[in-house]
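Q: Please take a close look at the nonpolar core of this protein, at the residues that build it and at the parts of the chain around it.

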Amino acid sequence: MAVFHLVQHAEKERRPGDPGLTGRGRAQAARTAGRLREVGLRAIVSSPLRRARETASFLAAATGLEVREDARLRERMNWDGVQPLDAFLADWAASVRDRDHVPDCGDSSRATAARMRACLLELAEAAERAEAAELAEGAELSARAEPFESADAEPGPIAVVTHGGATADLLRTLIGDRAVPAALTDAGVPSCAITTLDVVPAEFRHPRRPRLLRRRDRVRRASGVSRVGGPSGRAVSRTGGSGCGGRRGRRRP
């Protein structure tokens, strides 16, 4: 089983294109890096968008790990400034309501979840192979150029720095719309929130309808936690922090 910490990028600048982090966002990323440094990360993988890469750089500095980029972790839609903002937001809302709606500047919700899931499955399978090689051969691992397959690799969580829409899309596919808090799909995932997934590759490929195990509303720093389980494992979404758009209660994708 592989454990993933899906890290929402920190607060970004409010401009189109490929914005970086604000000063507050950099402080958020530094705090998150300090927290994740204690869990023994084995790898960091990031969306190629700047706000995610900059967030991941704080994790890398805190852990000494290198950041690997994967385009499958990019956001469902990214405002380029060519499309009017009102039209972009309307297109975003349509893609939330209709998971097969293909927006003008991005992917459908269902397609976004599919590429996210494919990325995580590939990473989980690579981690599983590395652990099997460690058990079978000790420190002498395969020389194949795959993530996590190194002689000094230790089993541990994998940090995946991504985006709120993409994370919500993945959860909707894995656990169903009813199990995903409406706040995540409507208001968005807060800056630097962490969603934890336990992934068993053999079961993650063909998940059946999962069941809700429990849901709690109070955790550290008044974050919300949802735990859902089933053949795909459990998902824990810690959704504390300020909104990604820089304004509480509303998030700009």
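A: What follows describes the core, then some of its members, then a helix pair and a few other positions.

This is a predicted model, in which local features need pLDDT of at least 70 and side-chain atom pairs count only at pLDDT 80 or more, while totals for chains, interfaces and linings use all residues. Residues are numbered from 1 along each chain as its sequence is written, and side-chain values use heavy atoms, with hydrogens and water left out.

The protein chain has seven helices and eight strands, where helices (H or I, at least four residues) and strands (E, at least two) are DSSP runs numbered from the N terminus. Of its 253 residues, 51% are buried; buried means under 20% relative accessible area, exposed over 50%, and partly exposed in between, with a 1.4 Å probe and protein chains only. Among contacts in the chain between residues at least 6 apart in sequence, 69% join residues at least 24 apart, a contact being heavy atoms within 4.5 Å.

A nonpolar core is here a set of buried Ala, Val, Leu, Ile, Met, Phe, Trp, Tyr and Cys residues joined through side-chain atoms within 4.5 Å. The largest such core holds 28 residues, of which F4, L6, L120, I158, V160, L170 and L197 touch the most other members. Two or more residues come from each of β1 (2-8), β2 (43-46), α4 (109-137), β4 (158-162), α5 (164-175) and β5 (194-199), and α4 gives the most, with seven residues. A second, separate core has twelve residues, including L36, L41, L59 and A159. In soluble globular proteins, nonpolar side chains tend to be buried together.

Not counting residues up to four places away in sequence, F4 touches L120, L123, A124, I158, V160, T195, T196, L197 and V199. The C-alpha atom of F4 is separated by 6.5 Å from that of D198, although these two residues are 194 residues apart along the chain.

L170, which lies in helix α5, is likewise buried, with a relative accessible area of 0%. With residues up to four places away in sequence again left out, L170 touches L6, A113, M116, R117, L120 and L197. Between the C-alpha atoms of L170 and S109, which are 61 residues apart along the chain, the separation is 8.4 Å.

Strand β1 also contains Q8, a residue that is buried at a relative accessible area of 1%. Q8 and V161 are 153 residues apart along the chain, yet their C-alpha atoms are separated by 6.0 Å.

The helix pair comes next. Helix α1 (residues 23-37) packs with helix α2 (residues 50-63) at an angle of about 40°, their axes being 8 Å apart; axes are lines fitted to C-alpha atoms, for helices over the stretch in contact, and angles run from 0 to 180 degrees between N-to-C directions. This makes α1 oblique to α2, because angles under 35 degrees count as roughly parallel, over 145 as roughly antiparallel, 65 to 115 as roughly perpendicular and the rest as oblique. The crossing of α1 and α2 is right-handed, a word used if the near helix is turned clockwise from the far one by less than a right angle, and left-handed if anticlockwise. In this contact R26, A29, A30, A33, L36 and R37 of α1 meet T55, F58, L59, A62 and T63 of α2. The residues of the contact divide into seven nonpolar, two polar and two charged, with Ala, Val, Leu, Ile, Met, Phe, Trp, Tyr, Cys and Pro counted as nonpolar, Asp, Glu, Lys and Arg as charged, and the others, Gly among them, as polar.

Two loop positions complete the description. C192, found in the loop between α6 (182-186) and β5, is buried, with a relative accessible area of 10%. The phi of C192 is near 60°, a positive value in a residue other than glycine. Most residues other than glycine have a negative phi. V102, by contrast, is found in the loop between α3 (85-97) and α4 and counts as exposed, at 58% relative accessibility. V102 and D91 are eleven residues apart in sequence and 8.6 Å apart in space, C-alpha to C-alpha.
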